[in-house]
Amino acid sequence: MTGAEPGGWLEAVAGDAPTASRLAEASRLKDMLRVEAAYSRALGAVGQVTPEAAEAAAAAIETAEIDTAKLAREAAEDGMPVPSLSRQLRAAVSEDLQRAVHKGLTSQDVMDTALVLALRDILDDFETRLDRVDTALAKLDDAFGAGPLMARTRMQAALPVTVSDRIALWRRPLPGHRERLAQLRPRLLRLQLGGPVGTRGTFHGQGDAIARHMAGALDLGSPETAWHTDRSQLAELGSWLSMVTGSLGKMGHDIALMSQQGVDAAQLKGGGSSSAMAHKVNPVGAELLVTLARFTAVQLPGLHLALDHEQERSGISWTLEWLVLPPMLIATGAALARAEALPAAIERLGDDGGEKGTRDA
């Protein structure tokens, strides 16, 4: 998460290494180079440069040694890394190849498409993890589902149910999340190509053809127009992240309450120790699911504020997205990891000590 040092305690508590690694600047730089190389090859495919020049430029881009310290220094002035990146790429090729490098593109084309490449990998991982959470809960149901449990409404004892009834509440939202993700993917995983003012006017009438070639090379959707100022799909992604973590947070909240002394409907192995009270075993994993859900929900208004991309291009709202979306993704990855591990940490579940709830027979 933002502010967490690699290998530090905050990352260990609430971070997610796979997601953070995919969003790291080194990974994002590779994505931007992929976009630039795909653009060079597309210029060759539509005849704006020779195929040989296009391939030579693309190969140079893919193997370019980027001065990342210089990139950072110049990004502080430019507000983004692409101007420095494009200057370094042009310097890495011969003069006759420079017209096959970045010419006609704009920074947002490169960075938005690079973001989409990262999101594709992250969301594939999240979907797999959602399946693993569901499998872990199914195993928990097999172990304890038949046991009795007092249902609670408004945190007061209500009527008897089974442990399986409670677990079903935790599992019920998961298919819907997978379905919503499948619906979101075509709207989200799309190339960005508009040129400086989003009209594709710098591509000599071949913007649509260039977009198709790039999209094919990068395995992305090819929209008919740029989405520089239409960030609806990113806001939709943020809502999906908040819904996923919210569902996992509900599970965590239930388990934390079930493990309370006096309720004693759940017992977790391991758990967290207290620096002052040796008798305590804190339900850290369950609590973190609640925290991560609330953290993600708090970020969502920021992402929705970034829907306001003024006029043809925005620096304000675009930069806000960079600050808000990555921590939401990392928090979601952390929640999925905790939610997968938590069922295996439950040693007892139900109001009868778990003995009658076991389905091993």
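Q: Why does Asp131 count as partly exposed?
A: Its relative accessibility is 34%. Buried means under 20% relative accessible area, exposed means over 50%, and partly exposed lies in between (1.4 Å probe, protein chains only). So 34% makes Asp131 partly exposed.

Q: What kind of model is this, and which residues count?
A: It is a predicted model: local features need pLDDT of at least 70, side-chain atom pairs need pLDDT 80 or more, and totals for chains, interfaces and linings use all residues. Residues are numbered from 1 along each chain as its sequence is written, and side-chain values use heavy atoms, without hydrogens and water.

Q: What makes Arg178 and Asp131 a salt bridge?
A: The rule asks for a side-chain nitrogen of Lys or Arg within 4 Å of a carboxyl oxygen of Asp or Glu. In Arg178 and Asp131, the closest N and O atoms are 3.2 Å apart. Arg178 lies in helix 9 (residues 173–188) and Asp131 in helix 7, so the pair ties together parts that are 47 residues apart in sequence. Helices are DSSP runs (H or I, at least four residues), numbered from the N terminus. Asp131 and Arg178 also belong to a network of salt bridges with Asp134 and Arg171.

Q: How do you know whether Glu321 is buried or exposed?
A: Its relative accessible area is 5%. That makes Glu321 buried. Glu321 forms a salt bridge with Arg231 (2.8 Å, N to O). Glu321 lies in helix 13 and Arg231 in the loop between helix 10 (207–218) and helix 11 (232–258), so the pair ties together parts that are 90 residues apart in sequence. Arg231 is buried too, at 2%.

Q: What makes a space a cavity?
A: On a 1 Å grid over the protein atoms alone, a cavity is a set of points where a 1.4 Å probe fits but cannot get out; lining residues have an atom within 4 Å of a point. Grid points are joined across faces, edges and corners, and the volume is the space filled by probe spheres set on the points. The count comes to one cavity of 30 Å³ or more. The largest cavity has a volume of about 90 Å³. Its lining residues include Arg28, Asp112 and Glu321. Helix 7 (107–144) and helix 13 (316–341) each give two or more residues to this lining.

Q: Why is Trp9 called exposed?
A: Its relative accessible area is 68%. Trp9 is therefore exposed. Trp9 lies in helix 1 (residues 9–14).

Conventions
1 Å grid on protein atoms, 1.4 Å probe; cavity = no way out; pocket = protein on both sides within 12 Å on 5 of 7 lines; lining within 4 Å.
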